[in-house]
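User: I have just opened this entry and have not looked at it before. Please take me through it step by step, starting with the loops.

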Amino acid sequence: MAKNKRKLLQGNGACVQGAIYAGLRFFAGYPITPSTEIAENCARFLPQVGGRFIQMEDELGSMAAIIGASVTGMKSMTATSGPGYSLMQENIGYAYMTEIPCVVVNVQRGGPSTGLPTKVSQSDTMQARWGTHGDYNAIAVAPSTVADTFTETIRAFNLAERFRTPVTILLDEVIAHMRAIVPIPEEGEYEIVNRVKPTKPPEEYIPYEITENFVSPMPGYGEGYRYHITGLTHNTLGFSTNEPEEIVVKLDKLKNKIDKFQDEIMKLRVNNMDDAEVAFVSYGSVSRAALQAVSLARSVGVKVGTIQLYTIWPFPYDKLREICSRCQKVIVAELNMGQIIHEVRRALPEDIEVLPLQRYDGEILTPTQLLEKLEEVL
Amino acid sequence: MTTVVKQKSDVMLNYLRPKMKFPSVWCPGCGNGIVMGAFIRAINKLGYDRNNMAVVSGIGCTSRMPAYMDFSSLHTTHGRALPYATGVKFARPDMKVAVITGDGDALAIGGNHFIHACRRNIDITAVLINNYIYGMTGGQGSPTTPSGAFSTTTPYGNVEKHFDACNLAIGAGATFVGRATVYHYPQLEKMIMQAMEHKGFSLVEVVSNCHTYFGRLNRRGDASAMLKEFKENAVNITKAKTMTPEELENKYVIGTLYVNDDKTEFCDEYHKLMDVAQKRKK
């Protein structure tokens with residue numbers, strides 16, 4: 001086996017390298033800590049591969065520009081942090097409604113409002129699900145290491161293209177600014193998914209046709225298919241509608257295309273769960289501490305395991321229930337005042353005690369803190 | 001005569017989506033239809049490949065226009081047409097990109113995007129239909145509502161000052177700026193052609209009538225009375241240059257107000273940058 005190239009990268013840099021590997025050729029963004037290095041890396045590396053970088057006047061414009069680029073068939077991305085993610089919600093909603101693939105990186109910091117620009121947080125997990133108004137289904141992924149960031153960014157692009165939807169990468173300040181050696185895969189080593197293009201001629205093309213998997217083929221602008229795209233609720237032809245039946249068809253399409261194919265999106269890392277009586281559920285940088293804590297606890301004979309959520313949305317209710325079936329207690333460790341814990345409670349039967357371990361002072365959860373919590377609950 | 005009329009309507013039908021979208025949402029007599037006619041005739045005369053053209057809009061009465069026309073049409077969010085169009089144009093610089101927008105869309109909620117699109121001098125043509133009021137939501141004051149004018153949110157007269165879209169565009173760096181009215185539609189058609197052909201950011205402001213709200217609330221009469229008022233109070237730029245500010249009070253200065261062919265265009269400059277970046281990589 002040929003030895004892979006390795007690079008010393010920051011989390012934000014790994015995100016950009018993974019994105020370019022996945023086919024990113026258009027980035028629009030606005031500087032914001034702690035995500036700025038993503039924009040800086042794109043400004044430097046994208047033109048080298050024939051891609052484009054533009055610094056927009058704000059996050060509203062950034063999100064709009066990447067959707068505009070994606071409409072032409074180009075893979076596009078933006079990156080921001082909490083305050084910018086709030087501003088982007090308007091046009092993220094447009095991408096959900098119009099089913100335009102794109103990737104949004106949110107390097108989380110403390111909030112609300114300007115909050116803690118340089119401090120870590122995981123308090124935007126619910127915003128990634130319910131951030132924009134209306135009914136829709138969301139996809140969000142969360143890496144926990146610098147190397148993960150590379151591969152999860154590829155996965156985010158693949159999911160965006162496969163499901164014709166915006167995908168959020170929930171990074172956090174710790175991983176984004178951490179540096180580590182990252183193996184750089186050869187071309188072809190990872191599967192790259194591209195959106196399905198229509199095979200029908202333009203005169204027979206139905207832009208939002210209901211297909212077997214609810215995802216409609218999407219031509220790029222300028223490829224001979226002149227069609228209409230609108231954020232108004234639309235029928236399969238793409239034109240706005242007030243007809244109750246057509247409204248239901250559209251909203252069901254947004255729901256079904258993800259709900260019915262969740263298995264393609266779900267990704268969890270399960271560690272030491274076979275005989276575990278207690279489990280840590282975590283995601284992002286906290287999962288690092290969880291792995292360490294479990295390894296230490298196991299060395300003294302405690303039956304504890306971890307479940308790391310790579311896919312945050314859609315939430316893996318059924319899988320979690322299955323994996324935790326033998327547990328008596330589940331500790332949900334997260335850097336917020338309690339967000340994903342509510343989903344874990346919804347997932348698990350009442351006889352499993354779901355306990356919080358939360359930190360929201362801008363600092364990380366350490367393995368020691370996890371072990372202390374473990375001692376407390378045993 | 002009938003042949004000419006038929007030929008003209010054939011052109012319109014060819015560019016419209018008659019089975020899909022009509023009747024339009026616009027009130028009878030709305031200036032938007034005149035602008036759409038001028039836009040279609042302009043594109044037809046320019047002979048552009050329709051498959052290589054995108055028409056982008058935001059939200060409002062005016063922004064419904066792309067849905068009726070058989071181009072690649074992108075009806076986006078309120079105020080954001082220009083950044084969406086920037087994404088399309090920057091990704092596909094070979095495509096012709098036009099934005100259809102209104103005074104509220106472009107100058108209030110989209111004001112920041114408007115000045116930055118001008119500043120970048122990206123090769124997009126913005127047709128800004130200015131009817132001095134928010135039509136779709138029912139007649140509220142806009143950034144172009146004149147001081148003292150009535151709207152549903154200025155029931156005692158507007159205490160604010162208004163924007164001059166053309167001056168704003170010139171100040172922000174646009175390189176083709178013109179104004180026409182819906183009465184002067186042959187001039188409008190020609191101006192859209194010039195703007196589309198201009199390399200760089202171009203603005204065509206179209207003074208238009210919302211007789212339903214602006215006309216009614218300000219006793220300007222019906223559509224034809226408002227068009228007559230545009231005819232009477234329009235002053236060509238050449239003549240306007242000889243007039244005093246007092247004489248120009250309440251006049252519509254029309255014509256090509258500003259052209260700059262020397263300024264570099266954004267996508268062109270970026271392509272040069274790509275060459276530099278690729279050489280450095282090697």
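**Loops and backbone**

Analyst: A:Pro34 lies in the loop between strand E2 (26-29) and helix H2 (36-45) of chain A, where helices (H or I, at least four residues) and strands (E, at least two) are DSSP runs numbered from the N terminus. Please keep in mind that this is a predicted model, in which local features need pLDDT of at least 70 and side-chain atom pairs count only at pLDDT 80 or more, while totals for chains, interfaces and linings use all residues. Residues are numbered from 1 along each chain as its sequence is written, chains are lettered from A and ligands numbered from 1 in the order in which they are written, and side-chain values use heavy atoms, with hydrogens and water left out.

User: OK, and what joins A:Thr33 and A:Pro34?

Analyst: The two residues are joined by a cis peptide bond, with omega at about 0°. A cis peptide bond also joins A:Gly111 and A:Pro112, this time with omega at about 5°, and A:Pro112 is found in the loop between E5 and strand E6 (116-120) of chain A.

User: Which way does phi go for A:Ser113, positive or negative?

Analyst: Phi of A:Ser113 is positive, near 60°, in a residue other than glycine. As background, most residues other than glycine have a negative phi, and most peptide bonds are trans. A:Ser113 sits in the loop between E5 and E6 of chain A and is exposed, with a relative accessible area of 61%; here buried means under 20% relative accessible area, exposed over 50%, and partly exposed in between (1.4 Å probe, protein chains only).

User: And A:Arg164, is that one buried or exposed?

Analyst: A:Arg164 is buried, with a relative accessible area of 2%, and this residue has a positive phi of about 50° although it is not a glycine. Its place is in the loop between helix H6 (146-163) and strand E8 (166-172) of chain A.

User: Switching topic: how many helices and strands does chain A have?

Analyst: Chain A has twelve helices and 16 strands, and its C-alpha atoms fill a box of roughly 70 × 50 × 45 Å, taken along the principal axes. Of its 378 residues, 60% count as buried. The radius of gyration of chain A is 21 Å, which agrees with the value near 21 Å that a compact globule of 378 residues would have, where the radius is taken over C-alpha atoms and the globule rule is 2.2 Å times the number of residues to the power 0.38.

User: How many salt bridges are there over all chains?

Analyst: The count comes to 30 salt bridges over all chains, a salt bridge being a side-chain nitrogen of Lys or Arg within 4 Å of a carboxyl oxygen of Asp or Glu. One of them is formed by A:Glu90 with B:Arg80, whose closest N and O atoms are 2.7 Å apart. A:Glu90 lies in helix H4 (residues 82-98) of chain A and B:Arg80 in the loop between strand E2 (72-75) and helix H5 (81-91) of chain B, so this pair joins two chains. A:Glu90 is partly exposed at 24% relative accessible area, whereas B:Arg80 counts as buried at 6%.

User: What does A:Glu99 form a salt bridge with?

Analyst: A:Glu99 pairs with A:Lys253, the closest N and O atoms being 2.9 Å apart. This pair links distant parts of the chain, 154 residues apart, with A:Glu99 in the loop between H4 and strand E5 (102-110) of chain A and A:Lys253 in helix H8 (residues 244-259) of chain A. A:Glu99 is buried, at 0% relative accessible area, and A:Lys253 counts as buried at 1%. Both belong to a network of salt bridges that also links A:Lys250 and A:Lys257.

User: Over in chain B, which residues of H7(B) are buried?

Analyst: They are B:Gly111, B:His113, B:Phe114, B:His116, B:Ala117, B:Cys118 and B:Arg120. Because seven of the ten residues of helix H7 (residues 111-120) are buried, this helix of chain B is largely enclosed by the rest of the structure. H7(B) is followed by B:Asn121, whose phi is positive, near 55°.
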